[in-house]
Amino acid sequence: MPGFTPGRRWQPAYSPFKKENFGDRALQVLEYSVKGPLFGCRMCGNCLLQETALICPMECPKGLRNGPCGGSTSEHCYIDETRPCIWYKIYERSFQLGREELLLEVLPPLDWEKVGQDTWRDIFRNVAKLGYKKVAGGLLARSAETRKLTWDGIFRPVRQPDWWQGDSKYHAPAYTEPVSELERRLVAGEFVVTSEIAPPLSSRTDKLIHNIEETKHYVAALNFTDNASAIPRMTSWACSQIAVAHEAEPVLQISARNRSRGNLQSEVIGATALGVRNILCMTGDSAKLSPSPREKMEINDLDAVQMLWILRRMRDEGKYLDGREIKYPPKFFLGAAASPFSSNPVFQALREQKKINAGAQFFQTNLVFDVNGLENWLNELARRNVLDKVYILIGIAPIKSLKMAVMLSEVPGVYLPKHILDRMDRANVAGNAREEGVQIALELISVIKRYHGQGIHGIHLMPVGWDEVVPRIVIESGLMPKEFLFDQTSQQEWNNAHPIEK
Ligand code: SF4
């Protein structure tokens with residue numbers, strides 16, 4: 001059991017990909033026998049302990065290297081309740097030590113050619129390159145700045161290889177004209193609505209097309225989820241293509257869970273060539289949530305921050321991850337998931353800032369049922385000075401039943417206050433739970449609308465299969481898209497032809 005890591009969990013070291021000679025193997029065993037007990041090291045070969053308060057993040061079941069997932073809590077990891085969330089522990093210790101700003105550095109995915117190998121040799125090589133005398137002088141210098149620079153000169157090349165070069169800075173998009181309709185509306189200052197459509201479970205597309213047609217006039221864009229809860233369905237990519245063919249604006253959701261770095265890059269090049277302009281990067285639910293038999297449950301190839309970093313560089317620098325030039329770089333408006341209620345708002349704001357720095361231009365948040373808690377999170381984002389760098393759409397779900405309310409109250413990262421549960425309970429007894437769910441959603445939207453211009457730019461509806469209710473919510477909350485409102489005659493004609501569900 002590691003001595004200092006709060007994970008208190010022994011996990012085996014990774015094995016090197018290729019056969020090693022005796023000397024290399026001996027060095028690996030030596031490094032592991034020191035760093036394993038001390039830091040919970042798993043020999044990832046790309047050491048970043050300097051940035052993570054000396055706690056190895058490879059204890060995270062998803063292998064996340066840039067911060068916690070949306071399921072993190074102070075109690076335990078949402079995938080394995082027998083252990084704490086190691087990223088929560090890293091955040092706690094970093095804040096205690098005043099090292100939290102180090103957590104903003106965008107860290108690379110693993111280089112699997114190095115996995116299982118020692119990092120000590122890389123460190124010694126860097127010291128030799130800098131000069132032993134200079135290093136000794138720098139580390140013993142009076143000035144804290146010199147000590148820091150020397151230290152960084154030794155360790156930065158280990159954690160930031162040439163092909164990545166991550167940093168802690170904000171990188172504004174390198175284009176000026178909006179690349180999608182959603183971006184155009186947000187730039188124009190509209191309070192927008194987007195809505196999620198769950199892709200079909202079979203290859204039949206009639207219901208999907210019906211949902212797209214019935215919803216597209218009421219919202220700025222339609223999100224297509226990417227195997228939510230790790231349950232296979234029609235790919236988000238195919239649904240987005242169908243939406244484009246039906247003149248709707250899609251948001252292509254891409255989760256890291258089922259993707260390699262190569263596959264991510266080729267998919268977005270293909271999707272943008274076919275007209276998709278909004279891409280939402282998410283780490284994705286763990287395969288632990290999927291039905292059995294389960295796929296690999298450990299170590300994603302990428303996390304959401306790394307996806308954003310790769311895609312932003314493809315667009316703005318015209319470069320693949322391996323450095324090859326892209327002659328005609330793809331154009332897209334990049335989004336990410338945000339989670340106001342996952343861990344404590346201070347930690348979460350830091351995590352959101354990292355996503356913004358990496359490339360997120362808009363956030364669609366997890367479900368919000370508590371506006372006070374939302375305000376705390378917004379205040380933390382304001383403290384981090386990022387509210388003018390990202391458009392935020394707040395996740396709202398109309399609750400269909402008491403059962404759904406109870407289920408939502410147990411979802412990691414969702415906070416459903418007791419008064420809402422009580423309301424759904426009473427409505428359930430009275431037999432009007434669906435209507436109560438819609439009223440709760442409308443009340444939340446009317447309060448959230450007041451934050452327009454103060455960090456919030458719209459609503460993201462998640463109807464969870466209840467797509468027919470979207471038009472009603474949009475109309476009754478007074479959020480019909482502008483041009484539709486201007487044309488009152490066509491709106492009336494449209495309403496007559498498409499009676500909304502009550
Ligand atoms: S809660 Fe998420 S971030 Fe934390 S250890 Fe578990 S998988 Fe990793």
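Predicted model: local features only at pLDDT ≥ 70, side-chain atom pairs only at ≥ 80, totals over all residues.
A crossing counts as right-handed if the near helix is turned clockwise from the far one by less than a right angle.

**Entry 1, helices 7 and 8**

With that in hand, I looked up how helix 7 passes helix 8, and the crossing is right-handed. On the helix 7 side, I found Leu208, Ile209 and Ile212 making the contact, and on the helix 8 side Cys239, Ile242 and Ala243. I sorted this contact by class and got 6 nonpolar residues, with no polar and no charged ones.

Next came the geometry. Helix 7 spans residues 206-215 and helix 8 spans 236-245; they pack at about 50 degrees, with the axes 10 Å apart. Roughly parallel would need an angle under 35 degrees and roughly perpendicular 65 to 115, so I put helix 7 and helix 8 down as oblique to each other.

I listed what surrounds the ligand: Cys60, Pro61, Lys62, Leu64, Pro68, Cys69, Ser72, Cys77, Tyr78, Ile79, Cys85 and Ile86. By class, I note 10 nonpolar, 1 polar and 1 charged residues in this shell.

Where does His452 sit? I found it in the loop between helix 15 (433-448) and strand 8 (458-461). Its relative accessibility is 33%, so I logged His452 as partly exposed.

I then checked contacts, leaving aside neighbours within four places in sequence: His452 touches Gly189, Glu190, Phe191 and His457. I also took the distance from His452 to Pro84, which comes to 37 Å between C-alpha atoms, with 368 residues separating them in sequence.

Key: Residues numbered from 1 in each chain as written. Heavy atoms only, no water. Axes fitted to C-alpha atoms, helices over the stretch in contact; angles between N-to-C directions. Helix = DSSP H or I, 4+ residues; strand = E, 2+ residues; numbered from the N terminus. Parallel < 35°, antiparallel > 145°, perpendicular 65-115°, else oblique. Contact = heavy atoms within 4.5 Å. Nonpolar A, V, L, I, M, F, W, Y, C, P; charged D, E, K, R; others polar. Near = heavy atom within 4 Å. Buried < 20%, exposed > 50% of the residue type's maximum accessible area, 1.4 Å probe, protein only.
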